[in-house]
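This report describes one protein structure in plain terms.

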Amino acid sequence: MSEPASSGRNVLAVTLRISSAAAALLRKDAPREEKLRFTAGEHALPAAEEVTVLFFLALDADAEVHGSARKRLRDVPLAVLADAVACRTLHPRVLDALARLHYRHGELATHIAVHPNCDEGTRAFLAERGIAVGVAIVHPAHAAEHPPQDEVPVEEDDEPVDEESEQFKSKYQLAQVMGVAEKIKIAQTGDKEWRMILIRDSNKLVSGTVIRNPRITESEVLAIVKSSIQNDEILRVVCASKEWLKNYQIRKALVENPKTPIHSALRLLTTLTEKDLSHLAKSKNIQTVLSTQARKLLIAKKEKR
C-alpha cells in the first residue's frame, strides 16, 4: 500500500481526530514493540480507529512495523471494514487506502464512494473499476462540529436500533456467514447494531465478548440483564463492574434474573429499597432463598425504626 498522492487531486482538508489510545501508537516516541503488538491484533480499538492507526503505521519508517501493518490492513475482516466506513469522520487518506486495497468488495467500495470525506481522486479510481459512484449526502464543509481532540467520537447513542433497516439486515446476514474468530473481533469494538446482533449469538465466547466492548452503554447492559440471556458469564461480568452497579435499575434487574450467581444476587439485594424488597419478598419468580432474605431484610429495617 502506498501513501495516496496529492498532486493533481482535489484532496479534502479534514482534520484527523482520534482518541488518546490511538494517538499513543502514532507518536514518534511510541515503542516499536507496542506498534508490533497492535499490528498483531493484541490491542482492540473501534473499527474506524483501527484502520486509521494501521494506515499510518503502514507508512512507518521501521520495515517490520510497516510490513506488518500493511498485511493486517489487507486482511481486515469485511465486517470491520464496513463498520469503519460507516464512521462519518473517517479521514480521506484512509478511505483512499481502503478503496485501493478492497475495491473488489463492491458494496463496501460503493459505501466508500458516497462517504462525505471521500475525495474526487478516490471516486475516480473506483469509477474506473466499475464501482457505482454516488454523491455524498453531506459535504464535509457543512458537517457538524467534531468533538475536541483526544475524545472518542460517539457514533451512536441510546436511540433504539431499527432492526428493519437495510443496514441492520445487512449486518445480520453477514453475521450468519462469519466465523467465530471474526465475530469475536467485531464483538470487541463493533457499534450498537453489531452488539445487538452478537449478544444473541449461540457461541458463548462471542456473546461474552460483547459485554466487554468499551462502547457498550448502561441502557444496553440493563436490557441484556433483563433479557433471558443464556450466557452466565455475561451476568458475572456485570456483577463485577463497579460502574454498572452504580445504576440502581441494573442492580434490581440482576437480583430478579434467575441466572445471576446467588452470592451476587444476595449482596445486591441489600442495596434495594423497601418497596422493591417488599415486592421481591412475595415474588415467585425469583429463587426462594432470595425472597426469604428479602423478608428478613424488611423485618430488620422495621426493627431499627
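## Salt bridges and helix packing

Arg100 has a relative accessibility of 36% and therefore counts as partly exposed; the class runs between buried, under 20% relative accessible area, and exposed, over 50% (1.4 Å probe, protein chains only). The model is a predicted one, in which local features need pLDDT of at least 70 and side-chain atom pairs count only at pLDDT 80 or more, while totals for chains, interfaces and linings use all residues. Residues are numbered from 1 along each chain as its sequence is written, and side-chain values use heavy atoms, with hydrogens and water left out.

The protein has 18 helices and zero strands; these are DSSP runs numbered from the N terminus, with at least four residues (H or I) for a helix and at least two (E) for a strand. Of its 305 residues, 45% are buried. Among contacts (heavy atoms within 4.5 Å) between residues at least 6 apart in sequence, 59% join residues at least 24 apart.

Salt bridges come next. Side chains of opposite charge can pair when their charged atoms come close. A salt bridge here is a side-chain nitrogen of Lys or Arg within 4 Å of a carboxyl oxygen of Asp or Glu. The whole structure contains 17 of them, and the table lists some.

| Pair | N to O distance |
|---|---|
| Asp60 and Lys35 | 2.8 Å |
| Asp96 and Arg100 | 2.7 Å |
| Glu233 and Arg236 | 3.2 Å |

Asp60 lies in the loop between H3 and H4 and Lys35 lies in helix H2 (residues 32-39), so this pair ties together parts that are 25 residues apart in sequence. Both Asp60 and Lys35 are buried.

Asp96 and Arg100 are four residues apart in helix H6 (residues 92-102), which means a separation of about one helical turn. Asp96, at 1% relative accessibility, counts as buried, whereas Arg100 is partly exposed.

Glu233 and Arg236 are three residues apart in helix H14 (residues 232-239), again about one turn of the helix. Glu233 is partly exposed, with a relative accessible area of 29%, and Arg236 is partly exposed at 42%.

How do the helices pack? Helix H3 (residues 47-57) and helix H4 (residues 63-75) meet at an angle of about 140°, with their axes 8 Å apart. Axes are lines fitted to C-alpha atoms, over the stretch in contact for helices, and angles run from 0 to 180 degrees between N-to-C directions. H3 and H4 are therefore oblique to each other, the class left over once angles under 35 degrees (roughly parallel), over 145 (roughly antiparallel) and 65 to 115 (roughly perpendicular) are set aside.

On the H3 side the contact involves Glu50, Val51, Leu54, Phe55 and Leu57, and on the H4 side Val65, His66, Ala69, Arg72 and Leu73. By class, seven of the contact residues are nonpolar, one is polar and two are charged.

Ten of the eleven residues of H3 are buried, so H3 is largely enclosed by the rest of the structure. The buried residues of H3 include Ala47, Thr52 and Val53. Among the elements covering them are helix H1 (20-26), helix H5 (78-85) and helix H10 (180-189), together with H2, H4 and H6.

Notes: Ala, Val, Leu, Ile, Met, Phe, Trp, Tyr, Cys and Pro count as nonpolar, Asp, Glu, Lys and Arg as charged, and the others, Gly among them, as polar.
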